[in-house]
There are 4 protein chains.
Amino acid sequence: MTFPTPMTGVVPPVCTPLTPDNEVDTASLTRLVDHLVAGGVDALFVLGSSSEAAYLPDRFRRTVVDTVVRHVAGQLPVLAGTIDMSTWRVLDHAEAAVAAGADALVATAPFYTRTHPAEIARHFRAIAGRTGVPVFAYDLPVSVHTKLDAELVLELAAEGVLAGLKDSSGDDGGLRRVVLEARNRADVTGFSVLTGSEVTADSALAMGADGVVPGLGNVDPEGYVRLYRYSRDGDRERARAEQERLCALFGMVRAGDPARMGGSSSALGAFKAALHLRGVIACPATAYPQIPLSADEVERVGKYLAAAGLS
Amino acid sequence: MTFPTPMTGVVPPVCTPLTPDNEVDTASLTRLVDHLVAGGVDALFVLGSSSEAAYLPDRFRRTVVDTVVRHVAGQLPVLAGTIDMSTWRVLDHAEAAVAAGADALVATAPFYTRTHPAEIARHFRAIAGRTGVPVFAYDLPVSVHTKLDAELVLELAAEGVLAGLKDSSGDDGGLRRVVLEARNRADVTGFSVLTGSEVTADSALAMGADGVVPGLGNVDPEGYVRLYRYSRDGDRERARAEQERLCALFGMVRAGDPARMGGSSSALGAFKAALHLRGVIACPATAYPQIPLSADEVERVGKYLAAAGLS
Amino acid sequence: MTFPTPMTGVVPPVCTPLTPDNEVDTASLTRLVDHLVAGGVDALFVLGSSSEAAYLPDRFRRTVVDTVVRHVAGQLPVLAGTIDMSTWRVLDHAEAAVAAGADALVATAPFYTRTHPAEIARHFRAIAGRTGVPVFAYDLPVSVHTKLDAELVLELAAEGVLAGLKDSSGDDGGLRRVVLEARNRADVTGFSVLTGSEVTADSALAMGADGVVPGLGNVDPEGYVRLYRYSRDGDRERARAEQERLCALFGMVRAGDPARMGGSSSALGAFKAALHLRGVIACPATAYPQIPLSADEVERVGKYLAAAGLS
Amino acid sequence: MTFPTPMTGVVPPVCTPLTPDNEVDTASLTRLVDHLVAGGVDALFVLGSSSEAAYLPDRFRRTVVDTVVRHVAGQLPVLAGTIDMSTWRVLDHAEAAVAAGADALVATAPFYTRTHPAEIARHFRAIAGRTGVPVFAYDLPVSVHTKLDAELVLELAAEGVLAGLKDSSGDDGGLRRVVLEARNRADVTGFSVLTGSEVTADSALAMGADGVVPGLGNVDPEGYVRLYRYSRDGDRERARAEQERLCALFGMVRAGDPARMGGSSSALGAFKAALHLRGVIACPATAYPQIPLSADEVERVGKYLAAAGLS
């Protein structure tokens, strides 16, 4: 398929359902894809942070891309994350994903290693140069411990290295700077800015972002699709009301007890519990070493669904 | 071989020589191993941070462990790093390393993912439980962005989960706390504390650390072996003098221009340049996306060698 | 005067003009106040971060509050910052400001000291309890190195300890959470959420924030007043256009060379250079040890003014 | 008195006793000074972090310097901290301390404000230039959120701006670099490197540090004086044994429950509880908003004293 330029709309980072035996549950994964497609999303992003990519062995990653690409069969673009520490390791993931049929790639700056802007630029240039598909930079300082610099992103956009930015930094002022400068530069065209925020999607779109990549979109794709369409059509009040409903639903990420588990266990556990409660996936298990939600915590997730009209 | 309990002595994190075509240079790697063994080291640590493990694709990692284990042929213990983001991915590396004959494993806490002490404990328990070889915790907050808590380390030592700690945190007060509390606890025996510091090895040993894992030990293994032996024999003044010579040599890690490259490019580039200048490895290339040292910067490395009596 | 509940509108953090001899330039300060009042702002915030409060000796701080309170003479509310490391020091500033006639206080969490949520709560309770005027929590993690927790802020709002939040964290998702939860809680009334962002003021207002505290509002108060009024009247498109003009103008904070100075020298230097170029203040000097802008850098500031129609 | 060049020996950061009514308890303060002098210390450091300087209003600070300078009456040098956010504020503290008779000053880099090495250099140059007494740089990244760069420190030493470094960074490799480079540079003379670590004092001295500034030295000055003398006389084994006893005693800083209070409340609360239990100060209160230790926690402090032979 021809990859849209710029990429726009709702692009959920697809959760990776697991079996109780800790394998990829491909049946649940295809059901989840159907649920998202039926919800009206514009593309799928597999192997992102909400997909637990950082927890998945390579063979799980390959199963995920294969399963989703085959099942989608060209109806929608499939973007694949290539989360790893440095260029050569990312290239291995990138080549596997492209071979399996992914339409575009999403890569972070190097992490774990000490890095430098010149090395980050080299990294993205190598990925784009070797794979020949559109590459999105993934800005996630909470994981990568580097914030992508706006000027560097724009320079790589102008060079044709980057097709877009997936901004999960939480810094909407920074996102806006990229949106406005990309619009004003003659040498940047077709560049797509996507926000990873579940809770400021309406404002990012109002600023000129092209799309949204919300983890919570797994649970309520229709909600984000409505939000996106209202925004696109200039109906800001309806977009805001939809966003506020989704903000309340997003409270589920705090279902897990912070004395007992990390934020990832709580948030990803809640998304999967919600998908399980909604009947989309067969088992809510998260990848090791995340701590499972307790029965009480799952019940709390159910209340968020009910309050948002999703039970 | 029977793995020493506790592990003691000099355990250099073996650099990974590359060819100009960006493959593992196994001939140089075996020459480097010979250089280290001839230098008198007590064990070898492959696939650590100084080995550029974070930069190496899985097949490179396998080549490294295979090559070193075969070449060493049981003369010395071989510890293998399993640097990756989370438990299942680490287990894949661990199983490959054990299958290839590694005698022990070195693993960090989860990174990239948001984590929690309870998840870190689960992580190490899974690794030790599944592999059946001694597991060392690798404390490297500059990369992992979590400092391992002394109490957690000691609890896992008491449980038999951890065989040792490789402390590269730079926090020698924290290292000392683990050393002293391990000594005082009846439920902790044979636990090995190794410092990753090139420049405070003498003081860590004086505090009671069992060994040293210095990246600079690639360049000057004899120096660290002398330092270790002086320390073990209580000759603190000679240990200090040797350490001071090595501190001066360590200045080479600042050979690279910080305006042009990150600290990893500079330090690992300097170690490899020094090994090349000393005739140990055929090519000083570092892994992508690190920036190569310039000719001037390499010349600066040569001056550090000369000043330390190593040219 | 009766302090508005909630505080709404445009509340610029008033710059502190200095003489070439490094004293407070009270004549320029009153001219700046006139410029802001003429621009239509709703209140004045003295001794905030953009006022260089962290650089000002106590007698400068007293001069600033005295000068502004007297000159404003009750036309507008005056909020005073009490920036200091811990409770007793903050109370000294608070008592001086209240004695001089400040209508409300703005305080950060403790900094420099290691702190804890229970200590932060104690801190704000002491300030509110001792001063009897409305207290705003100032969330500025880039300076304070602690992010105020939304639940703690809401609890202190419910207790009547906090009258509002000045959110300069850049985390608009977090700001929105406070706005929405404050709206939904019966025990929180009249609580004011103000954004410190120059570049997402329109979206913060669309989310339900009550007002804006933009450092750039010194340079272009009319712009932020228009932005606020458009937002209040639901004219989102005009608000966005005004905001985008202000975003471009905000580029001036990058006028200073980052190789030569820190971000504070560049940003505060640019605001003062712009006020000088616009004829509002007599001298663009910033407080020690900030580095002054060069003539070229000042010229760059002038171009931003011209491009925004302000020269 | 003539200030020693370099400053050497044991220089405890003197705790600031408070009355139950939250005033400086000058009677307890002079008793504490007597206790330290009787313990054999070489100088006194008032208004450091262990003195709760960040918590003390200016009038408390003046009372402390006055009381100690008068009481000491030239028997020992008195160094005074000038903890504040930026140059002019620090200069106010510095001038007050010098006027009250302090022999030397201790200053951090600017904090709260965003800063830059060029601004840090300007800051120290201004302090030294204006006060005419020896100035020590205080490296405390946990509070200041900047690590002082070794090259900058050495350059300022060579210029005569800095008389010494008080290194509380916990980075003993960095401390050693300053020690060794200062020794090797012809343009640096009489420069004093002091460690703020309670638990690696013996190794810092073995590396060539000139003295120690241990908060725990309030509780057990004799211990640190013995440690220093053994080190100075080359009796490393006795120094180590004394240090290990002090390491065990230092465990008291963890007496407070981390779920209930921050690290400062726990550590400074423990030092004061120990001084109270030892009969040196009348009241163990710490400054607001620190959380007091519970009776159980104080009992735990008592057990540490008993175990170290101090009850």
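Reader: How many Å apart are the closest C-alpha atoms of chain A and chain D?

Author: This is a predicted model, and its values are computed. No contact joins chain A and chain D. Likewise, no contact joins chain B and chain C, whose closest C-alpha atoms lie 10 Å apart. For chain A and chain D, the closest C-alpha atoms lie at a separation of 10 Å.

Reader: In the open sheet of chain C, what is the order of the strands?

Author: The sheet has eight strands, with parallel pairing. Its edge strands, each pairing on one side only, are strand 1 (9-10) and strand 2 (44-46) of chain C. Read across the sheet of chain C, the order is 1-8-7-6-5-4-3-2.

Reader: Which residue in strand 5 of chain C stands opposite C:Val106?

Author: Strand 4 (residues 104-107) and strand 5 (residues 135-139) of chain C pair in the parallel sense, over three bridges. Helix 4 (residues 117-131) of chain C lies across both strands and runs at about 150° to strand 5. The residue of strand 5 of chain C opposite C:Val106 is C:Phe136.

Reader: Why does the length of helix 1 of chain C agree with what its residues should span?

Author: Helix 1 covers residues 26-38 of chain C, which is 13 residues. At 1.5 Å a residue they should span 18 Å, so the agreement rests on the distance between the end C-alpha atoms of helix 1 of chain C, which is 18 Å.

Reader: What covers the buried residues of helix 1 of chain C?

Author: The buried residues of this helix include C:Leu29, C:Leu32, C:Val33 and C:Leu36. An α-helix has 3.6 residues a turn, so residues three or four places apart point the same way. The cover over the buried residues of helix 1 of chain C includes strand 2, helix 2 (58-72), helix 9 (221-232) and helix 11 (263-277) of chain C.

Reader: Which residue takes a positive phi just after helix 9 of chain A?

Author: Helix 9 (residues 221-232) of chain A has twelve residues and reaches 16 Å from its first C-alpha to its last, close to the expected 16 Å. Its buried residues, among them A:Tyr224 and A:Tyr228, pack against strand 1 (9-10), helix 1 (26-38), helix 8 and helix 10 of chain A. Just after helix 9 of chain A, a positive phi of about 80° belongs to A:Gly234.

Reader: Is B:Leu47 buried or exposed?

Author: B:Leu47 is found in the loop between strand 2 (44-46) and helix 2 (58-72) of chain B. Its phi is near 65°, a positive value in a residue other than glycine. Most residues other than glycine have a negative phi. At 3% relative accessibility, under the 20% cut-off, B:Leu47 counts as buried.

Reader: What is the omega of the peptide bond from B:Thr5 to B:Pro6?

Author: B:Pro6 is found in the segment before strand 1 (9-10) of chain B. Most peptide bonds are trans. The bond from B:Thr5 to B:Pro6 is cis, with an omega near -5°.

Reader: What volume does the largest cavity have?

Author: The count comes to seven cavities of 30 Å³ or more. The largest cavity is lined by 18 residues, and those nearest its centre are A:Ala206, A:Arg236, C:Ser203, C:Ala206 and C:Arg236. Helix 8 (201-207) and helix 10 (236-250) of chain A, together with helix 8 (201-207) and helix 10 (236-250) of chain C, each give two or more residues to that lining. The volume of the largest cavity is about 210 Å³.

Conventions. Residues numbered from 1 in each chain as written. Chains lettered and ligands numbered in written order. Predicted model: local features only at pLDDT ≥ 70, side-chain atom pairs only at ≥ 80, totals over all residues. Heavy atoms only, no water. Pairing = 2+ DSSP bridges. Helix = DSSP H or I, 4+ residues; strand = E, 2+ residues; numbered from the N terminus. Contact = heavy atoms within 4.5 Å. Axes fitted to C-alpha atoms, helices over the stretch in contact; angles between N-to-C directions. Expected span 1.5 Å × (residues − 1). Buried < 20%, exposed > 50% of the residue type's maximum accessible area, 1.4 Å probe, protein only. 1 Å grid on protein atoms, 1.4 Å probe; cavity = no way out; pocket = protein on both sides within 12 Å on 5 of 7 lines; lining within 4 Å. Points joined across faces, edges and corners; volume = space filled by probe spheres on them.
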